[in-house]
Amino acid sequence: MKQNIYDEPESSFSRDGASSMLLETPRLRLQPLSMDDVPALAAILADPAVMKHSVGGVCDELATRDFINWCRESYAAHGVGSWALVDKNDSSLIGFCGVGPELVNGVEEMNLGYRLATRYWNKGLATEAAKAVLAHAFRGRGMGSVIVIIEPDHVASLKVAENAGFRQFHSITFHGRSVRLYRLRRADWLNAVS
């Protein structure tokens with residue numbers, strides 16, 4: 001089922017965590033990750049430039065499979081997760097974006113995450129995807145808040161978060177790194193998009 005980013009997304013999940021959900025933005029399709037995505041996603045996640053600010057570092061094929069399995073479990077358990085970003089022009093996988101559970105200082109939070117292949121950087125695609133994901137999280141899933149965790153020197157990611165509506169942050173240590181934790185509350189997001 002296709003959804004415009006301004007519509008309230010709907011989803012349908014099967015017992016194995018697969019989803020028929022399809023979010024659409026002007027340039028992207030957001031759809032569930034599957035094992036068919038392993039080769040393309042593994043190539044993206046193996047790029048040191050893409051993974052420079054990832055707490056886990058670069059990923060090999062096995063780590064990519066584990067990530068996709070975690071995403072599918074998140075779809076089933078929470079109705080959200082990291083979704084494949086597919087370029088509508090040529091149907092190529094260009095990265096992922098989504099909201100998923102993250103343990104922060106002993107509290108499970110819903111965290112926005114995104115990674116794109118370097119050739120798709122600086123085109124506004126991460127912001128476009130993040131806005132669609134947030135619309136689903138707040139309208140479709142009724143979440144009260146979403147966080148994003150970013151290292152202060154990751155300027156491009158800070159810009160994506162700010163363009164998606166994140167404003168206030170506080171500094172914390174996360175996996176031994178100094179980071180900014182931004183929080184966007186549903187009420188603030190609704191006020192901004194109204």
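Which elements do the buried residues of helix 2 pack against? In this predicted model, they pack against strand 3 (28-32), helix 1 (38-45), strand 4 and strand 5.

Helix 2 covers residues 61-78, which makes 18 residues, and from its first C-alpha to its last it reaches 25 Å, close to the 26 Å expected at 1.5 Å a residue. The buried residues of this helix are Thr 64, Phe 67, Ile 68, Cys 71, Arg 72, Ser 74 and Tyr 75. Because they cover an arc of only 155° around the axis, these residues are on the same side of helix 2. As a general rule, an α-helix has 3.6 residues a turn, so residues three or four places apart point the same way.

On the face turned away from this buried side, helix 2 carries the exposed residues Leu 62, Glu 73 and Ala 77.

## The ends of helix 2

The N-terminal end of helix 2 is capped by Asp 60, which has a side-chain oxygen 3.2 Å from the backbone nitrogen of Leu 62. Leu 62 also belongs to the exposed residues on the face turned away from the buried side. After the other end of the helix comes Gly 79, with a positive phi near 75°.

## Strands 5 and 6

Strand 5, one of the elements against which the buried residues of helix 2 pack, pairs with strand 6 in the antiparallel sense over 10 bridges. Within this pairing, Glu 102 stands opposite Glu 109 in strand 6. The two strands form a hairpin with 2 residues between them, and in this hairpin Asn 105 takes a positive phi near 50°.

## Positive phi in two loops

Most residues other than glycine have a negative phi. Ser 91, however, has a phi near 60°, a positive value in a residue other than glycine. This serine lies in the loop between strand 4 (82-87) and strand 5 (93-104), and Ser 91 is partly exposed, with a relative accessible area of 48%.

His 175, which is not a glycine either, has a positive phi of about 50°.

Terms used: Residues are numbered from 1 along each chain as its sequence is written. This is a predicted model: local features need pLDDT of at least 70, side-chain atom pairs count only at pLDDT 80 or more; totals for chains, interfaces and linings use all residues. Side-chain values use heavy atoms; hydrogens and water are left out. Helices (H or I, at least four residues) and strands (E, at least two) are DSSP runs, numbered from the N terminus. Buried means under 20% relative accessible area, exposed over 50%, partly exposed in between (1.4 Å probe, protein chains only). Two strands pair if DSSP finds at least two bridges between them. The expected span of a helix is 1.5 Å times one less than its number of residues. The arc is that of the directions from the helix axis to the C-beta atoms. Contact means heavy atoms within 4.5 Å. A polar contact is a pair of N or O atoms within 3.5 Å; within protein, one must be able to donate a hydrogen and the other to accept it, and residues adjacent in sequence count only if both atoms are side-chain atoms.
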